[in-house]
Amino acid sequence: MAAADFNEIYDVVVIGAGHAGCEAALAAARMGMNTALYTMNADLIAQMSCNPAIGGIAKGHIVREIDALGGVMGQVIDRVGIQFRLLNSSRGPAVWSPRAQADKQGYRVEMRRVLEQQRGLRIKQAEVVGILRQQGAVAGLELRDGRRVHAQAVILTTGTFLNGLIHIGDNRYSAGRSGETPSIPLAESVKSIGFDWGRMKTGTPPRLDGRTIDFGSLEEQKGDTRPTPFSFATEAITQPQVSCFITYTDEKVHQIIRDNMNRSPLYSGQIQGIGPRYCPSFEDKVVKFPDKARHQLFLEPEGLNTNEIYVNGLSTSMPADVQMRLVHAVPGLENAEVIRPGYAIEYDFVQPTELYPTLETKRVERLYHAGQINGTTGYEEAACQGLIAGINAALKVQGKPAFVLERDQAYIGILIDDLVTKGTNEPYRMFTSRAEFRLHLRIDNADQRLTPLGHRIGLVSETVFDRFRGKQKRLERLMNHLSQVKVQAEAGKISAAQALKRPEVKIEAFLESVPCDLREQLSWEETKTVETAIKYEGYLKQQTQEIEKMKKAESRRIPQGFEYHGIPGLSREMIEKLSRVRPATIGQASRIPGVTPAALSILHIHLEMSSHREKTT
């Protein structure tokens with residue numbers, strides 16, 4: 001195809017303007033690419049189609065990492081968050097995770113403002129119906145109106161739109177989200193490439209009119225008095241804050257589900273897709289936990305200028321009349337009016353083992369997938385994939401080496417490695433338990449781990465990097481001060497740093513001794529970073545040693561396009577597994593489900609012999 005065959009020409013084109021698409025488009029544009037972001041409805045950019053919140057357990061870590069690399073999700077939620085809470089604050093710093101309720105409309109408006117102000121980025125409203133290819137590589141895309149758009153790289157971030165099908169009881173209809181058109185022609189175009197496909201399901205709860213809820217009878221949940229921002233650039237949260245409220249279901253509510261189970265599309269066989277295990281529908285909770293007397297529900301405001309309330313914990317695809325009865329049986333909701341019922345949605349996804357760790361597809365060069373198309377669930381998981389896909393698309397166009405985060409560098413690296421190595425048969429969600437080195441991957445040190453990398457690839461500006469370096473100098477000064485200042489202990493005088501290694505001793509006890517100029521500049525989080533580094537020094541050194549061991553396995557690379565057939569001793573099963581995933585290293589091969597130590601040993605020996613033959617010829 002020649003240039004004359006196209007109506008528009010770009011370096012990078014992103015399809016879909018959800019959380020993955022926004023980060024992908026911004027990353028590519030900030031790295032100097034002439035970028036276009038295509039969406040079917042520009043008014044719904046960054047729409048929060050499920051819960052109006054960002055962060056949570058492990059998800060908060062991801063948002064911090066996005067920010068540290070130069071992404072924008074953290075900055076946007078800091079500007080529009082209406083309740084901030086630091087989860088797990090009573091536990092160790094490895095699992096502290098920020099979470100914030102968002103002003104749903106405000107989030108969408110603010111993200112669009114950021115996109116529209118980005119130089120080199122164009123927002124386009126049109127339906128994409130096809131991916132154009134030429135000689136095994138992406139060439140561009142085709143629009144519903146017949147126009148063709150050329151691109152050197154294309155990023156697919158289609159969310160739940162590929163053959164989306166909504167279920168509310170017996171009623172079902174095609175939609176990408178409630179009230180929005182699904183992407184059916186695009187789904188068929190992508191399927192024609194030959195990817196390994198699957199079908200997944202997610203859902204939402206009913207939304208209620210807050211004016212009809214008896215909040216006085218419910219348990220109030222306030223935010224933190226000292227909010228924890230997501231972005232390292234945020235100095236203070238200044239917008240008004242609100243409360244959430246808690247109520248509980250009871251046996252009466254559960255019996256309504258049991259009495260109407262025959263009307264549930266989830267249990268009638270109407271829904272074929274696999275739903276998220278860690279965020280089940282309310283029907284699933286009642287069926288799978290029959291002995292549980294009650295389930296907790298969180299009533300979350302959707303914004304400062306709306307009465308709409310999100311009922312977190314009551315996701316359901318039951319018929320609308322059953323949903324009304326469920327709601328009215330819940331204490332405090334007896335007179336609540338349902339603004340819109342909950343629903344389940346099925347959609348197509350591509351097995352992520354079809355991707356390289358860069359998120360480029362193995363079948364089509366310069367075509368990238370990010371977000372729910374890869375089998376993940378959650379705004380944060382989608383956004384970090386979009387960021388990595390955008391970075392790698394830009395680097396590919398520039399002819400530069402790819403950018404891949406390892407498991408010891410970031411939760412983002414763990415997420416992508418899990419996806420491309422193991423694949424998924426259910427919506428993937430990040431947890432701190434997935435991290436081998438979670439004390440090393442804390443929210444407070446995400447910038448130390450990742451900001452230099454973001455700066456190196458051109459995503460973190462000089463201004464931001466100068467601020468980062470200033471922070472590192474403050475941390476170093478505080479660490480040196482605590483190592484030098486002496487305090488009285490039972491056995492005599494010891495340094496404040498030595499005293500801090502005791503669990504009961506807190507850093508606040510020594511801040512008065514810190515020079516005034518430094519004390520005035522230090523944030524609360526910066527002091528806690530130093531305290532953590534001192535208290536857990538031994539554990540951190542041990543983890544560093546374990547990381548070095550893992551890196552040795554990762555350092556043995558497997559050539560791209562390596563042929564596994566014909567290797568003596570490898571079983572047909574091992575050949576199939578290795579050929580399907582095509583691991584980049586011995587370390588990645590070791591994490592493929594079912595690949596045995598014996599197979600890894602054979603592979604390692606074969607690679608060593610091949611390397612030796614190459615050196616001697």
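This is a predicted model: local features need pLDDT of at least 70, side-chain atom pairs count only at pLDDT 80 or more; totals for chains, interfaces and linings use all residues.
At what angle do helix α2 and helix α11 pack, and how far apart are their axes?

**Entry 1**

I looked up α2 (residues 59-69) against α11 (residues 446-456) and got an angle of about 35°, with the axes 7 Å apart. The crossing of α2 past α11 is right-handed. Next I listed who makes the contact: α2 puts in Arg64, Glu65, Ala68 and Leu69. From α11 come Ala446, Asp447, Arg449, Leu450, Thr451, Leu453 and Gly454. Sorted by class, I have five nonpolar, four charged and two polar residues in this contact.

**Entry 2: the four-stranded sheet**

I then went to an open sheet of four strands, which reads β11-β10-β19-β12 with antiparallel pairing. Which strands stand at the edges? They are β11 (171-174) and β12 (197-204); each has a single partner strand, so one side of each has no neighbour in the sheet. From one strand to the next, I note an average twist of 25°.

Zooming in on one pair, I found four bridges between β10 (residues 165-168) and β11, in the antiparallel sense. Ile168 has Asn171 of β11 opposite.

I also checked what lies across this sheet. Helix α5 (residues 184-191) lies across β11, β12 and β19 (343-350), and α5 runs at about 150° to β12.

**Entry 3: the six-stranded sheet**

Here I wrote down the order β14-β15-β16-β17-β13-β18, again an open sheet with antiparallel pairing. Ignoring direction, neighbouring strands are turned by 35° against each other on average.

How many bridges join β15 to β16? I count four, between β15 (residues 244-248) and β16 (residues 296-301), running antiparallel. For Phe245, the bridge partner in β16 is Leu299.

**Entry 4: the whole chain**

Last, I stepped back to the overall picture. Along its principal axes, the C-alpha trace spans about 80 × 75 × 50 Å.

I also looked up burial: 59% of the 617 residues are buried. For contacts with a separation of 6 or more, 74% come from residues 24 or more positions apart.

Note on methods. Residues are numbered from 1 along each chain as its sequence is written. Side-chain values use heavy atoms; hydrogens and water are left out. Axes are lines fitted to C-alpha atoms, for helices over the stretch in contact, and angles run from 0 to 180 degrees between N-to-C directions. Helices (H or I, at least four residues) and strands (E, at least two) are DSSP runs, numbered from the N terminus. A crossing is left-handed if the near helix is turned anticlockwise from the far one by less than a right angle, and right-handed if clockwise. Contact means heavy atoms within 4.5 Å. Ala, Val, Leu, Ile, Met, Phe, Trp, Tyr, Cys and Pro count as nonpolar, Asp, Glu, Lys and Arg as charged, and the others, Gly among them, as polar. Two strands pair if DSSP finds at least two bridges between them. Buried means under 20% relative accessible area, exposed over 50%, partly exposed in between (1.4 Å probe, protein chains only).
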